[in-house]
Each structure stands twice: as structure tokens, then as C-alpha cells.
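Hi everyone, thanks for coming. Please have a look at the sequence and the model on the screen, and then we will walk through them together.

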Amino acid sequence: MGDPVVSFFIPGKPGSKQSFKFSQAGRRYQPRSVVDYQSLVSLSAREAMTAPVTYPLDGPLRIRITARFFIRDSKKAGPKATRPDFDNIAKPILDGLTAAGVWHDDGQVASATVDKINVTGDDSPGVLVEIWRIPGLLK
């Protein structure tokens with residue numbers, strides 16, 4: 001697969017996108033925590049967007065998201081089979097990458113992998129994001 005076109009780490013507890021909330025007036029809104037996390041994703045992505053790569057990326061893309069959750073019990077280290085759901089981890093990251101201008105639209109993602117793992121000790125919680133171009137996929 002080669003080296004990713006762009007790769008970066010978002011430190012801290014991985015965020016997830018919940019359903020919209022509704023105000024007393026009946027308006028729907030995103031919780032502040034989701035909006036703040038998407039902003040952190042965008043900031044982290046913009047810092048990683050360096051030459052010689054030209055942004056926004058064109059064509060079909062592959063993304064790998066590795067969400068690292070800190071736990072104290074080393075016996076539970078490894079794959080995480082509990083909440084949050086993997087698709088709710090991906091949503092704020094894809095939206096943040098769109099807002100950062102990494103690609104034109106997250107519809108360009110033709111292949112995606114989301115790994116959830118529990119880490120302990122000196123391992124840092126956070127999310128590793130890696131993006132590759134997929135040449136010739138749509139020929």
C-alpha cells in the first residue's frame with residue numbers, strides 16, 4: 001500500500017458523534033463536545049497538510065482510523081469490543097477532514113478501516129489517521 005499521503009495523530013480520548021439533540025424550541029443541534037472534537041480534528045489535519053502534496057485531494061481515497069482508548073486494567077488491553085460504535089468514531093473525523101480541506105467531500109472515501117484498541121501504561125490515547133490515494137480503482 002505504501003506510505004500514506006497524509007498521516008497525523010489526534011491526542012486525547014477519541015471522540016464520537018452522537019445523534020443530534022433538540023432544544024426546548026425544537027431546533028436540532030450538535031452537542032458542544034462533538035463540535036469541539038471536529039475542530040480539533042480539523043486543526044490536527046491542517047498541521048499535517050504539507051507540501052509536496054496538493055490539497056484538497058482528488059479521486060478515490062482509503063482511510064484508516066486507529067482509535068486508542070486508555071484503560072487501567074492491562075488484562076483488557078487490545079481490541080475494544082464495546083462502545084462507542086466504530087461508525088460514530090469515524091463520522092466526526094470525516095467531517096473534520098472535510099472542514100480542513102483535506103478532500104473535496106468525504107464521499108471520496110472508497111475504502112475505510114476503523115480499529116478500536118484499548119491501551120495501557122505509557123501508550124497514549126488518541127486517534128491515528130492515515131489516508132492513501134487509490135490509483136486506478138474506478139477504471
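Predicted model: local features only at pLDDT ≥ 70, side-chain atom pairs only at ≥ 80, totals over all residues.

Let me start with a question: how many residues does α2 have, and how far does α2 reach from its first C-alpha to its last? Helix α2 has 15 residues and spans 22 Å between those two atoms, close to the 21 Å expected at 1.5 Å a residue. The expected span here is 1.5 Å times one less than the number of residues in the helix.

Residues are numbered from 1 along each chain as its sequence is written, and side-chain values use heavy atoms, with hydrogens and water left out.

Now the sheet. Five strands make an open sheet, in the order β1-β7-β4-β6-β5, and the pairing is mixed. The strands β1 and β5 (78-79) are at the edges with a single partner strand each, so one side of each has no neighbour in the sheet. To count as paired, two strands need at least two bridges between them in DSSP.

Let's go through some pairs. Strand β1 (residues 6-11) pairs with β7 (residues 126-133) in the antiparallel sense, over 6 bridges. Within that pair, Phe-8 has Val-129 as its bridge partner, and Pro-11 stands opposite Gly-126. On the next pair along, β4 and β7 run antiparallel and are joined by 8 bridges. Here Val-129 turns up again, as the bridge partner of Ile-65.

Helix α1 (residues 32-48) lies across β1 and β7, at about 140 degrees to β1. For these angles, axes are lines fitted to C-alpha atoms, for helices over the stretch in contact, and the angle between N-to-C directions runs from 0 to 180 degrees. Contact means heavy atoms within 4.5 Å.

Next, what is inside and what is outside? Buried means under 20% relative accessible area, exposed means over 50%, and partly exposed is in between, using a 1.4 Å probe and protein chains only. In β7, 6 of the 8 residues are buried, so this strand is largely enclosed by the rest of the structure.

From the α1 side, Ser-42 is buried, with a relative accessible area of 5%. Leaving aside residues up to four places away in sequence, Ser-42 touches Gly-96, Ala-99 and Ala-100. Just after α2, Gly-101 takes a positive phi of about 85 degrees.

Now for the loops. Ala-51 is in the loop between α1 and β4, and Ala-51 is exposed, at 68% relative accessible area. That loop also holds Pro-56, and the peptide bond joining Tyr-55 and Pro-56 is cis, with omega about 0 degrees. Another cis peptide bond runs from Arg-83 to Pro-84, with omega near 5 degrees; Pro-84 lies in the loop between β5 and α2.

One last stop: Tyr-29, in strand β3 (residues 28-29). Tyr-29 and Ala-51 are 22 residues apart in sequence and 36 Å apart in space, C-alpha to C-alpha. By contact, Tyr-29 touches Phe-20, Lys-21, Phe-22 and Ser-23, not counting residues up to four places away in sequence.

Note on methods
Helix = DSSP H or I, 4+ residues; strand = E, 2+ residues; numbered from the N terminus.
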